[in-house]
Amino acid sequence: MRESGRLLATVLQAVKAKVEPGVSTKDLARLAATELAKLGGRPAFLGYQGFPDVICISINDEVVHGIPRADKIIHTGDLVSLDFGVIYEDMITDAAITLIAGKPKQKRHVNLVSHTETALQVGIDAVHAGVRTGDIGASIERYLKKYGYGIVRDLVGHGVGHELHEDPNIPNYGRPDSGPWLNAGLTIAIEPMVTLGTDRIYIADDDWTVLTADGSWSAHFEHTVLITDTGAEILTCL
């Protein structure tokens with residue numbers, strides 16, 4: 001899983017470098033596929049429950065699961081979320097980042113991205129052997145609520161490793177001292193999905209893309225982490 005995570009982080013950095021106004025989301029997906037093949041990994045998302053591409057690319061009010069398209073062109077100031085999964089020697093990792101294409105349109109978009117990334121780290125900092133899922137979620141929720149953001153409740157983090165989605169669920173909200181206990185050796189994906197408005201979502205007609213119910217923009221960050229006796233080891237970073 002460490003090698004799977006290294007490959008994932010390498011590809012995400014390559015795709016991130018090409019996110020700019022005028023590029024299509026399909027262009028980015030082709031790059032992800034090419035770079036991963038060079039490294040010897042396989043895409044975890046392609047064909048998963050019928051998903052048609054190697055990477056999810058979601059823009060602005062699209063929260064997650066955006067399908068890359070040749071006619072989906074990135075514009076200046078767009079919030080672009082890249083969600084990617086990798087299989088290496090049958091072990092799976094999952095990670096996501098959000099960035100702004102070109103010059104930001106509003107300061108609140110910059111803050112949303114920054115605060116969502118920090119919320120992910122807050123959740124990771126709460127992890128240790130014997131932590132409960134509610135402790136992780138409560139830490140994330142407590143941080144984000146200071147800024148009045150919407151925290152998507154219908155989509156959550158999850159176990160990951162042999163399968164893309166495994167038990168337990170890792171919500172981005174919760175009560176301390178509640179939920180399943182997590183032991184050292186478990187690998188989980190923590191992934192706050194945060195909006196400038198409502199926490200309510202709906203699924204587009206393509207049966208995949210998840211959007212905010214009020215059209216507010218969103219950000220998404222995710223890491224796969226290994227729970228250790230004293231904390232967490234982030235597997236999806238360089």
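This is a predicted model: local features need pLDDT of at least 70, side-chain atom pairs count only at pLDDT 80 or more; totals for chains, interfaces and linings use all residues.
**Helix α1**

Begin by selecting E3 and R6, whose side chains form a salt bridge with an N to O distance of 2.7 Å. The two residues are three apart in helix α1 (residues 2-16), which means that about one helical turn separates them. E3 is partly exposed, at 29% relative accessibility, and R6 is also partly exposed, with a relative accessible area of 37%. This pair belongs to a structure that holds eight salt bridges.

**Helix α2**

Next, select D27 and R30. Both lie in helix α2 (residues 25-39), three residues apart, about one turn of the helix. D27 counts as partly exposed at 38% relative accessibility; R30 is partly exposed, with a relative accessible area of 46%.

**The loop between β2 and β3**

Move to N60, in the loop between β2 (55-59) and β3 (62-64). Although N60 is not a glycine, its phi is positive, about 60°. Is this residue buried or exposed? N60 counts as buried because its relative accessibility is 12%, and the cut-off for buried is under 20%.

**The pair D71 and R69**

Select D71 together with R69 to display a further salt bridge between side chains, at 2.8 Å, N to O. D71 counts as exposed, with 57% relative accessibility, whereas R69 counts as partly exposed at 39%.

**The loop between β4 and β5**

Continue to D90, located in the loop between β4 (79-88) and β5 (91-100). Its phi is near 70°, a positive value in a residue other than glycine. D90 is exposed, with a relative accessible area of 55%.

**Helix α4**

Now select residues 133-145, which make up helix α4. The end C-alpha atoms of this helix are 18 Å apart, in agreement with the 18 Å that its 13 residues should span at 1.5 Å a residue. Colouring by accessibility will show that α4 is mostly covered, as 11 of its 13 residues are buried.

**Strand β9**

Finish at strand β9 (residues 166-170), where P168 is found. Display the backbone from D167 to P168: the peptide bond there is cis, with omega near 0°.

Notes:
Residues are numbered from 1 along each chain as its sequence is written. Side-chain values use heavy atoms; hydrogens and water are left out. Helices (H or I, at least four residues) and strands (E, at least two) are DSSP runs, numbered from the N terminus. The expected span of a helix is 1.5 Å times one less than its number of residues. Buried means under 20% relative accessible area, exposed over 50%, partly exposed in between (1.4 Å probe, protein chains only). A salt bridge is a side-chain nitrogen of Lys or Arg within 4 Å of a carboxyl oxygen of Asp or Glu.
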